[in-house]
Amino acid sequence: MQIDQQMPEWYRARYNQLRDQALLAESGARPTFTPIEMTESSVLHRETIPGGWYWSTLLPRGQALRLINTSGNNGVSVGLWNADDLSERYNAGDTIKLQWTTCLTTGRVLFSDMGRVLTSIIGDSCGFSDTLAGGSTPQSNARNFGNEGLRNTRNNLRLIAGKHGMAQHDVTSCITFFSHISTQADGSFRWIDGDIRAGDHVDLRAEMNLLVAVSNCPHPLAPEKSFAPGPIEAVRWQAPAIKPDDLCRTFCEEARRGFENTDPLFV
Amino acid sequence: MPEYDISKVFSTITLDQVVAARVPWSGVVRKGQVLRIIDLESQQAVDALFYNAHAYHERYSAQDTLVNQGAAYIGKGGRLFSNEGNVLMTVVEDTCGRHDTLAGACSCESNTVRFGHETKYMHACRENFLLEVEKYGMSKRDIVNNVNFFMNVPIMQNGELVIDDGLSAPGGFVDLRAEMDTLVVVSNCPQVNNPCNGFTPTPIRVVIGDPVSI
């Protein structure tokens, strides 16, 4: 079969089938959050990140990063690169398009620009994140707090990238956990209050060797009038072995194909 | 009806070119000039990247654009922001009303995930982008999430998103006024696996000129 020489009707039927299958997965048995026990013996490193500051770590395949929202902050932003090839990085557009959803929580994966899975969200007690609007910038701090000189995610991620030999063009999209944004019918974003709790955590399992950048700054659409993010905790730990029924690897066909693109890097 | 008589829009035309289906195009739009992108046959997605023509490290940022306007789609009045928080271009006219900047451009690699591994060896927008930006000394690292003119990507309140049939009619257009000298890189999308171009890529027309003063 010549897949690039079919009639439009053939492609449409195929697209409709893929769409229906994907939306069924999303609307049907949505993944539920089950806390994963992180024993002390599995902990490799702990660090407290002060409000407004940044931290980064190398996260080898199979290890996980637990971000604990100790202070109940409105947002913790994360940028991701393939540690073995820094030109490969998180791609927000691909991540939402390939999974047919902007709702990135337990069971979903984050994609690179090369069709590979960077990390699996193996646990998310909050359930809400945003990868449409991005992290804070000098401009968003000027708008929200009247002070563009406050610490911001754009510059935090640039500092991390710079310390790893990268430059401005390596800092593109990020994802902000512990943030609940809803998109209205006219396209406008609405911040939904009341879903962020102190003590919430997200577990990200590395599916390739990663450079992970964390910026502890509030989401730019959060309603706070003063800039006062508290500390958060980052824990690098050894994730449990992956079983055949692993949620993130089996939840949807798109993720499964993403892993088929990723795993050959490590054979 | 769409305005076909572009002499009423431009006092001087510096470029008027048809871009065939599936191929890339790039050009510089000087500050104050207008770029008109015309969807000649309807429903053709036009993937576009924007760079400060004098400093390519300043470029279009989808996330800056969305957070600054507080909304997911681009329409008339929309400002396209750079990663430095500056406005590259403003949408000053628009017959379609709905343009996407969330879903990014198709690539051989992402197509395998979305449509199956058998779609890997099909022409894709990021191949067009890569060949085009290399002419300016740039590389894959300079390709970011772009604007998809005339592409319809509705987001539901529950977070679902699909690529729906485009809303643009034959001859539909979007006018972009440059707020700084801007390098525009276009891939006239070859994707046939989703409805971004009715599963049939078609040509577009690009016009750059100085607008008639009002």
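**Close-up 1. Helix α1 of chain B and the residues around it.** In this predicted model, α1(B) is followed by B:Gly70, whose phi is positive, near 65 degrees; helices (H or I, at least four residues) and strands (E, at least two) are DSSP runs, numbered from the N terminus. Because seven of the eight residues of α1(B) are buried, the helix is largely enclosed by the rest of the structure, where buried means under 20% relative accessible area, exposed over 50%, and partly exposed in between (1.4 Å probe, protein chains only). The buried residues are B:Ala62, B:Gln63, B:Asp64, B:Thr65, B:Leu66, B:Val67 and B:Asn68. Their cover includes α2, α3 (138-145), α4 and β11 (189-191) of chain A together with β5 (73-74) and β6 (79-81) of chain B, contact being heavy atoms within 4.5 Å.

Residues are numbered from 1 along each chain as its sequence is written, while chains are lettered from A and ligands numbered from 1 in the order in which they are written. As this is a predicted model, local features need pLDDT of at least 70 and side-chain atom pairs count only at pLDDT 80 or more, whereas totals for chains, interfaces and linings use all residues, and side-chain values use heavy atoms, with hydrogens and water left out.

**Close-up 2. The interface between chain A and chain B.** Across this interface, 62 residues of chain A are in contact with 57 residues of chain B. The area buried between the two chains is about 5,000 Å², and carbon and sulfur atoms give 51% of that area; buried area is the accessible area (1.4 Å probe) that two parts lose on being put together, summed over both. On the chain A side, A:Tyr15, A:Lys97 and A:His169 lose the most area to chain B, together 13% of what that side buries.

**Close-up 3. The largest pocket.** The largest pocket holds about 500 Å³ of space. Of its 38 lining residues, A:Arg89, A:Asn91, B:Ile143, B:Val144 and B:Asn145 are the closest to its centre. On a 1 Å grid over the protein atoms alone, a pocket is an open set of points with protein on both sides within 12 Å along at least five of seven lines, a cavity is a set of points where a 1.4 Å probe fits but cannot get out, and lining residues have an atom within 4 Å of a point. Grid points are joined across faces, edges and corners, and a volume is the space filled by probe spheres set on the points. With four residues, α2(A) gives the most to the lining of this pocket. The lining divides into 14 nonpolar, 15 polar and nine charged residues, with Ala, Val, Leu, Ile, Met, Phe, Trp, Tyr, Cys and Pro counted as nonpolar, Asp, Glu, Lys and Arg as charged, and the others, Gly among them, as polar.

Close-up 4. The model has four cavities of 30 Å³ or more, and the largest cavity has a volume of about 110 Å³. Among the 17 residues lining the largest cavity, A:Lys97, B:Ala105, B:Cys106, B:Gln191 and B:Asn194 lie nearest its centre, and α2(B) supplies the largest share of the lining, four residues. The second largest cavity contains about 70 Å³ of space. Its lining has 13 residues, of which A:Gly135, A:Arg154, A:Thr172, A:Cys174 and B:Gln63 are the closest to its centre. Both α4 (153-163) of chain A and α1 of chain B supply at least two residues of that lining, and α4(A) gives the most, with three residues.

**Close-up 5. B:Ala45 and its contacts.** B:Ala45 lies in the loop between β3 (34-39) and β4 (46-52) of chain B, and it counts as buried because its relative accessibility is 0%. Leaving aside neighbours within four places in sequence, B:Ala45 is in contact with B:Phe149, B:Met151, B:Ser187, B:Asn188, B:Cys189, B:Cys196 and B:Asn197. B:Ala45 and B:Ser187 are 142 residues apart in sequence, and their C-alpha atoms are 8.8 Å apart in space.

**Close-up 6. Two loop residues with positive phi.** A:Trp100, in the loop between α2 and β6 (109-111) of chain A, has a phi near 60 degrees, a positive value in a residue other than glycine. At 1% relative accessibility, A:Trp100 counts as buried. B:Phe199, in the loop between β11 (182-188) and β12 (204-211) of chain B, is likewise not a glycine and has a positive phi of about 65 degrees. B:Phe199 is buried, with a relative accessible area of 4%.
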